[in-house]
Amino acid sequence: MANSNLSNAKTAKNDEFYTQYADIQKEVNAYMEFNPDVFRGKTILLPCDDPEWSNFTKFFAQNFENFGLKKLISTSFAQESKNYKSDWQPTLFETENPLFNADKTAVCGKIFTLTRDTNENGKVDIDDLEWQYLEGTGDFRSAEVTALRDEADIIITNPPFSLFREFVAWITEADKQFLIIGNMNAITYKEIFPLIKENKLWLGVNDVRWFYQGDTSSELYEAAHSRWFTNLDHGRRHEPLELMTMADNLKFSRHKEIKGKTEYQHYDNYDAIEVPYTDAIPSDYEGTMGVPISFLDKYCPEQFEIIWQASGNTRASAPKSALDKLHYQPHPDDRGGCTIVKGARTYGRILIRKIQ
């Protein structure tokens, strides 16, 4: 299914998309490989979830003992409060439970918790989940769920597409660790980019190609440009890029925009050179460079300093200190601060400098 489904969903505030188990497993394994104790003794909150079929809940419940978790909390959003409407019916899991309440099932969220071996079979897993209705809808912004946020050590979820900025603010105001999914374009948001620049948020290890809509038996929707965003450390972000010198790039680069040229192009409106490909970053250049947004997938904070971005309304969102460092000069064609080469606007750029 074309990615237009996700774009349309964002416009319509239809946030009912769910993550594949394999995508969660692949990403989480990367953090476990870097630090086997990353989740040990921690309380994990999975908000914006539907615990009865959520792969996040299944994955962390099944790995509760393996990860050494202290507590798992998963919450759902009330059906009647969702923008996405369907022929919804409560599951047998709910209706056959003594806790079932016909008056609450559609208007209240639910909370699932896992802390102990409730069925006394010698292990703690998904069969030991305990649940009850929330007092409210389960909206992450509610006082009820915010209190769970404050209790948790790590927040992991695929948050609502239409509320990504607000969700990140909700996490960061409590100074929590997190692992969440968002669109790659979020790195250009004025609310998100400063966190990247300050190394308070970075890209995860993998992309996310497909989502479910509804339960996991539904069809898959293509999730182009979706990525994990996190402040959990992983090994790849500390791997420096292996690069050629400027002279070698000009002589041997596989990119026609660079190979055979006498120099890299300089921007009209920034004191920086244009580097249109991450693998064409010159290893020996000491000045400022404009690199593709995809550079962040290879960004090593020990190798490069991020100065600012040249995409979106740079003049409105950039601090004066960054613009002064970049010697920014407004240009009649720059549309808010994008990079200009010989009068032509480039794609969005991240402005970086090699750490000396």
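Visitor: Is strand S4 mostly covered or mostly exposed, and how many of its residues are buried?

Guide: Please note first that this model is predicted. Strand S4, residues 110-114, is mostly covered, with 4 of its 5 residues buried.

Visitor: Which strands pair with S4, and in which sense?

Guide: In general, the strands of a sheet pair through backbone hydrogen bonds, in either a parallel or an antiparallel arrangement. Here, S4 pairs with strand S3 (residues 71-76) in the antiparallel sense, over 4 bridges. Within that pairing, Thr75 has Ile111 of S4 as its bridge partner. S4 also pairs with strand S5 (residues 130-133), again antiparallel and over 4 bridges. There, Lys110 stands opposite Tyr133 of S5.

Visitor: What is the strand order in the open sheet of 4 strands?

Guide: The order is S10-S11-S15-S12, and the pairing is mixed. Strand S10 (273-274) and strand S12 (304-310) each have a single partner strand, so one side of each lacks a neighbour in the sheet. S10 runs parallel to strand S11 (residues 288-292), and 2 bridges join them. One of the bridge pairs is Glu274 with Gly290 in S11.

Visitor: Which residues touch the most other members of the largest nonpolar core?

Guide: That core has 60 residues, and those touching the most other members are Ile281, Phe295, Leu296 and Ile352. Beyond its neighbours within four places in sequence, Ile352 is in contact with several residues, including Ile281, Met289, Val291, Phe295 and Phe304. A second, separate core holds 36 residues, among them Tyr31, Leu72, Tyr133 and Leu179.

Visitor: How many cavities of 30 Å³ or more does the structure hold, and which residues line the largest?

Guide: The structure holds 1 cavity of 30 Å³ or more. The largest cavity has a volume of about 110 Å³. Its lining includes Ile196, Trp202, His234, Arg236, Leu296 and Tyr299. Strand S8 (residues 202-213) gives the most to this lining, with 3 residues.

Visitor: How many disulfides does the structure hold?

Guide: A disulfide is a covalent bond between the sulfur atoms of two cysteines. This structure holds 0 disulfides.

Visitor: Why does Cys108 count as buried?

Guide: The cut-off for buried is under 20% relative accessible area. Cys108 counts as buried because its relative accessibility is 9%. Cys338 is likewise buried, because its relative accessibility is 10%.

Conventions. Residues are numbered from 1 along each chain as its sequence is written. This is a predicted model: local features need pLDDT of at least 70, side-chain atom pairs count only at pLDDT 80 or more; totals for chains, interfaces and linings use all residues. Side-chain values use heavy atoms; hydrogens and water are left out. A disulfide is a pair of cysteine sulfur atoms within 2.5 Å. Buried means under 20% relative accessible area, exposed over 50%, partly exposed in between (1.4 Å probe, protein chains only). Two strands pair if DSSP finds at least two bridges between them. A nonpolar core is a set of buried Ala, Val, Leu, Ile, Met, Phe, Trp, Tyr and Cys residues joined through side-chain atoms within 4.5 Å. Contact means heavy atoms within 4.5 Å. On a 1 Å grid over the protein atoms alone, a cavity is a set of points where a 1.4 Å probe fits but cannot get out, and a pocket is an open set with protein on both sides within 12 Å along at least five of seven lines; lining residues have an atom within 4 Å of a point. Grid points are joined across faces, edges and corners, and a volume is the space filled by probe spheres set on the points.
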